[in-house]
Amino acid sequence: MTSCGDLRVLFRAPAGPRRGFGHLVRCRSLALALGVRPLVALRGTLPVEETALALGCDVVRGGATQLLKKLSPDVLVVDDPIAADAREWIRAGRRAGCLVVSLHDLGLGCHEADLVIDGSLIRNAQASRGETLSGPRFAVLDPSLVDDVRSRLAAACPKSERDPDAVLVALGGGPRAELALDIAESIVAAHPRARVRVAGGFSAPPVGGPYSDVGAAFRRPDVSEGAPDDGAPRIAWVGPVRNLHAEMARASVVVVGGGVSLYEACAHGVAAVGVPVVPAQRPTVAAFVARGAARGVTRGPVSAQAVAAECAVLLSDAAMRRHLARMGARLIDGRGAFRAAAAVSRLARAGGTR
């Protein structure tokens, strides 16, 4: 962790059921790596603010100029793929005299910041006004992931072993929940021993859905710490949690979108199947597949059956799972947040603080 407790940092990010919470989570991850509390100007609804608070963030309301004048931060971090919205905050931050940092995916967003951090495996090359850190070495992930992986590798007990039949499906909440459940049902139909846990992001299980009654059971400490009992259902819902480290540590195969969760799966050293839940994620999934770090849906429409077929291949081939896990961990080491934090600290201190 970079010690920046004397820096005042304001984060700006969008979040919601449709856009997802990846931008908010990434801001939180950078804040943890900096050693500061995540203070976030959130673009989202009241329920989204409540989720941010549950994640340990402090939420502030107001326009860019108003908040920057009131809070007088040393650093403004903007994580917004909508260039027009990002530009408004970046320009306001520059007028306020603070260091402006922009977090990107695939080169999307405003490039007028003093520091642009884009940890994408691939990116659209665009000229930036200031310094640019690009490539998977700078993928900003939860800093606790590094300690979690290290402790698991050091452990010599059965809890550190993956369940060979366990699959985690984590595509987020909102409109993606139905697809996730379709995939789970297709997996158990395609593989006779598979047991699937469905993580719905920060949303509750669908009201009235076929698995909505099991969400609470999987928040019990005795269940969440170990593999399911023999009598457990083959499909179960995982309630909202701050991160999926424990779930990824247990599973042999994970099904994730083409965003932050795919990078996390690789850092965890678990065989991943990438699913582009939005068209913009297709290049990322294709890039991981091309590098041999994941399997995934790279052509045609995304179907539950196609994803289940990829999972069935991996569940039946331990050598392939190990190969994917090894290649993914080589590509994504999970320390990108610390590298990004070091750059932010260096530039902030070079410019002086108020």
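This is a predicted model: local features need pLDDT of at least 70, side-chain atom pairs count only at pLDDT 80 or more; totals for chains, interfaces and linings use all residues.
Trainee: Which of the residues in helix 4 are buried?
Mentor: Ala 86, Trp 89, Ile 90, Ala 92 and Gly 93. They cover an arc of only 165 degrees around the axis, so they sit on the same side of helix 4.

Trainee: What do they pack against?
Mentor: Strand 1, strand 2, helix 3 (64-71), strand 4 and strand 5.

Trainee: Which exposed residues are on the face turned away?
Mentor: Ala 84 and Arg 95.

Trainee: Changing topic. How many residues are in the largest nonpolar core?
Mentor: The count is 38, and Phe 11, Leu 24, Leu 30 and Ile 117 have the most contacts inside it. Elements that each supply at least two residues of this core include strand 1 (9-14), helix 1 (22-34) and helix 13 (336-351).

Trainee: What is Phe 11 in contact with, leaving aside neighbours within four places in sequence?
Mentor: Among them are Cys 27, Leu 30, Leu 34, Val 40 and Val 77. There is also a second, separate core of 28 residues, which includes Ile 183, Ala 184, Val 297 and Ala 308.

Trainee: Last one: is Thr 51 buried or exposed?
Mentor: Thr 51, in helix 2, counts as buried because its relative accessibility is 14%, under the 20% cut-off. Leaving aside neighbours within four places in sequence, Thr 51 is in contact with Phe 21 and Phe 202.

How values were computed: Residues are numbered from 1 along each chain as its sequence is written. Side-chain values use heavy atoms; hydrogens and water are left out. A nonpolar core is a set of buried Ala, Val, Leu, Ile, Met, Phe, Trp, Tyr and Cys residues joined through side-chain atoms within 4.5 Å. Buried means under 20% relative accessible area, exposed over 50%, partly exposed in between (1.4 Å probe, protein chains only). Helices (H or I, at least four residues) and strands (E, at least two) are DSSP runs, numbered from the N terminus. Contact means heavy atoms within 4.5 Å. The arc is that of the directions from the helix axis to the C-beta atoms.
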